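Me: I would like to learn how to read a protein–DNA model. Can we take it one feature at a time?

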There are 2 protein chains.
Amino acid sequence: MTAPPVVYPAPRTFAGGGGRVAGARPPTMRDVAAHAGVSISTVSRVVNAERYVDPATREKVEASVAALGFLRNESARTLRPGQRTATLALVVEDLTNPFSAELAHGVELVAAAAGYVMLLLSTGRDAGGERDRVREREIVAELLSRRVDGVLVVPGADDAEGLYAALAARAPVVFVDRLPRGVRGDVVLLDNAGGGRRLTQWLLERGHRRIGYVGGDQRSGPGARRLSGFRAALRAAGVAEHPELLRFGRRSSDEALSAVEELLALAEPPTALFCDNNRMTVGALLAVHRARADVVLAGFDAVELAEVLVDRVALVTYDPADVGRRAAGLLTARLAGETSAPRRVTVPVDLAEFGT
Amino acid sequence: MTAPPVVYPAPRTFAGGGGRVAGARPPTMRDVAAHAGVSISTVSRVVNAERYVDPATREKVEASVAALGFLRNESARTLRPGQRTATLALVVEDLTNPFSAELAHGVELVAAAAGYVMLLLSTGRDAGGERDRVREREIVAELLSRRVDGVLVVPGADDAEGLYAALAARAPVVFVDRLPRGVRGDVVLLDNAGGGRRLTQWLLERGHRRIGYVGGDQRSGPGARRLSGFRAALRAAGVAEHPELLRFGRRSSDEALSAVEELLALAEPPTALFCDNNRMTVGALLAVHRARADVVLAGFDAVELAEVLVDRVALVTYDPADVGRRAAGLLTARLAGETSAPRRVTVPVDLAEFGT
DNA sequence: CTGAAAGCGCTTACAG
DNA sequence: CTGAAAGCGCTTACAG
C-alpha cells in the first residue's frame, strides 16, 4: 500500500476521470501565511478560532484561506501531543445484520454531533464460520496505530478473553450488547432477560403451558439472557419446562423452520412458540403459516408483515439506533473527561402485540 | 473538541473503567531505537519490512518492538509527502437503509483486503426532509482535511451540482447508484432500466394490459430509470400506458398502501402493479393482501416473506454488497495507478418469481 | 496582538 | 548494511 518513492515535491497525481488531474499538493499554512503576509502562527490562530487576533488580520487570513482553498491537514495537527484524532471506531461482526447497521447509524449521529468521525470495521468470520482471530488482532493494531480517541465494540460470543484488553489499556472502550469476560468497561445492553420474561408472561397469561423454544446460541450473551428470562417467567408462574420442546443452536431462518416443523409434528405439539431472535421468528412464522397450525408466536425482533402471516403474535422490539446513541454518548462522555466507575446501561425493550 | 493545553509530556490519562489508566504515552521509534541500541532509521527500515537490514539487527529491533508494544503512529507516517492515509470514505444518505448497509459491507471487505480502513459518513436529511447541504459541505471538508485516499459516494437525488467536484478534484471519487449532473467520474449503477423492463415484460407475458405503477421520486436516478424501463417495455409491446394508474412521489410503505387502495377502488382497477422500490412493494403487498384483490405484483427489491402474502409476485433482486465490492474495486484500482477514462459499471439484477 | 523557533513521530535521500 | 540530518504541516510556549 505504500506509494513508490517520489521526488519531493512531486505531486500525487490522479489522471482518472478522463484527464482530470487531482492532487496538486494542497495548500499549507505556510502558503496561506505567505499569501496573507503574516506568520504561520497567526494563520494557526485564525484557523483555530483563537482569541487575541486583530479583526483586520483575521479577515485578511480568512480571505487567503478561502482564496487558496486551504484545509488544515489533520494528520499534522494530530501529531502534537495531547491532540485528538477526532476519530471513533465501531467494531462489529457483520454490518449486514440490521442490528449492526442501525447501531452504526445511532453511533454516527452522536459522533458527528460531537465532532468525531466514525471508522467502521467488521471482524467477519473465517472460513469455518468462527470468529476470525487474525482479523481481530489486525483491527486492534490498526486502531491503536491510528490513535483513535475511543472505540465501540460489539464483541462476539466467542471472543478470546482479553482480546480487547490491549485496546482498553490505551483508549476508552465501550462494549455493546455483551461484555467480554475478564474485561472491565462501560457497556450498553438490551434488556434481554426482561424481554424474555415479558414474552413468556404474555404467553402464560393466554393460558399456554406447553411452550416451545427456538433459539440460536444460548450459551452466552443475549441468547443466554433471553433464555434466562424465559425460564424465570416459567418458574415464577410455577409452570414446568418441557425439555423436548426446546431447540437451540439454530443459525438461520431455514434451520428455525425445520425446528418448528419438528415441534409441530410431535405427538403433543406446543401450543405456543418462543423465538429468541429475528431469524428464529421468521422461520417460525413461515412454518406456522404453512402448517396452518393453531400456534401462538412470541418472538424477538421486529419482522415486517409478521402480523399478516399468523393470527396472533407478540414481538419484542427495540431501537438499535438508540443503543448506538447511548453507547456513543458514554464514549464521548469519557472523552470529555468523565472518570466515574464503569457504567452499565440497560436499554428497555417494547412488547408489540398483533392479531385478533 | 480540542483538548485543553497540557504540559508536555503529560500523558493523556483515562481513569474510567474503575481506576484503569489508559494512555501513558505510547512508545515511539525513538524508544524502540534506544531499547535496541540502533538508530531510528534502522527501526523504520525494520518496521517497514525493507531489505538491506542485517538479520541480527532486524531480530534485535523486532524484539524491542514486541517488548515495548510499539505501534507506528500513522499520523506521523502520513505527514510525509507521497504517503497515503490508507483510508477510504463511504458517504451515504442513511445507513438504516438496507441498501446502504449491505453496500458498506461490500466496500469494507474490499477495502480491508487492499489495506484500507473505511470511514463511514452519512449526510442525513435536515428538518424539512431535504438533503442537508450544510452537513454535506462539512463532510467534504472533513474528508479533504483528513486527506483520505479516495471516496465512494451515493449521491442524493437532489445533490447540488458540483457538490462533490471539490472532492473529485483532489481525490479519486467513485459514485454509486447515480451520477450527479456535471461531474465526470467512475460510477457503479444497478441495471434499473433493465430490471424495470423485465418486470414489465413478465407482467405483459401474463396478459396484463392495465398495469398500475407505484413509485417514489421518478424525476432522477434509479426511480427515473426504473420508470423508463417500464415505459420501454410497454412501448415495445405496443401496450398503452394508463396515466390514471400511475402514482408517484410516495415516500413510505404507508403512502404506497394508500396509493394502492386508491387504485383498487377505481371503477376499472389495474390487474397488476409495478412497485418501484422496497417501500412500495411492502405497501402494495399489504394492500393487496388486505383487499384479497386478484392483483399480480411485480416489484423492486427483496421483501422477506412476500410470496406468502400474495398468490403471485415477481421481484427484482440484486446484491448491494456486490455493488459495494465493485465500486471499491474501481476505487482501489485508481489508487493503484489506473488512469483510464471514467468507467461506468452496470451491475445486473435478478428476477425472482414466486407463487402458484 | 504577532512572530521566530522548537518539536510532535515519522520517512528519506545522502554519506559512509 | 547503518546513522545523522532534514523536513512533512502543524501547535505551542516564549518573547516582544
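Predicted model: local features only at pLDDT ≥ 70, side-chain atom pairs only at ≥ 80, totals over all residues.

Me: How are chain A and chain B superposed?

Reply: In general, two copies of a chain are related by a rotation about an axis and a shift along it. Here a rotation of 180 degrees, with 0.1 Å of shift along its axis, brings chain A onto chain B with an RMSD of 0.1 Å. The two copies are therefore related as by a two-fold rotation axis. Both copies also use the same surface, since 100% of the contact residues of chain A recur in chain B.

Me: Which residues come nearest to DNA strand D?

Reply: Of the 30 residues around DNA strand D, the nearest are A:Arg80, B:Ser41, B:Thr42, B:Arg45 and B:Thr57. For DNA strand C, also surrounded by 30 residues, the closest are A:Ser41, A:Thr42, A:Arg45, A:Thr57 and B:Arg80.

Me: What part of the atoms of DNA strand D within 4 Å of the protein belongs to sugar or phosphate?

Reply: For DNA strand D the share is 67%, and bases supply the rest. For DNA strand C, sugar or phosphate accounts for 66% of such atoms, again with the rest in bases.

Me: Which polar side-chain atom lies 2.6 Å from a base nitrogen of DNA strand C?

Reply: That atom belongs to A:Ser41. On the phosphate side, a polar side-chain atom of B:Asn48 is 3.3 Å from a phosphate oxygen of DNA strand C. H2(B) gives the largest share, four residues.

Me: And which contacts does DNA strand D have?

Reply: A side-chain N or O atom of B:Arg80 is 3.4 Å from a base nitrogen of DNA strand D. A:Arg25 has a side-chain N or O atom 3.4 Å from a phosphate oxygen of DNA strand D.

Me: Which residues of H2(B) are buried?

Reply: They are B:Thr42, B:Val43 and B:Val46. Seen down the axis of H2(B), the buried residues fall within an arc of 100 degrees, so they line one face of the helix. They pack against helix H1 (29-36) and helix H3 (55-68) of chain B. Just after H2(B), B:Ala49 has a positive phi of about 55 degrees.

Methods
Residues numbered from 1 in each chain as written. Chains lettered and ligands numbered in written order. Heavy atoms only, no water. Near = heavy atom within 4 Å. Polar contact = N/O pair within 3.5 Å; in protein donor to acceptor, adjacent residues only side chain to side chain. Least-squares fit on C-alpha atoms with pLDDT ≥ 70 in both. Contact = heavy atoms within 4.5 Å. Buried < 20%, exposed > 50% of the residue type's maximum accessible area, 1.4 Å probe, protein only. Helix = DSSP H or I, 4+ residues; strand = E, 2+ residues; numbered from the N terminus. Arc of directions from axis to C-beta.
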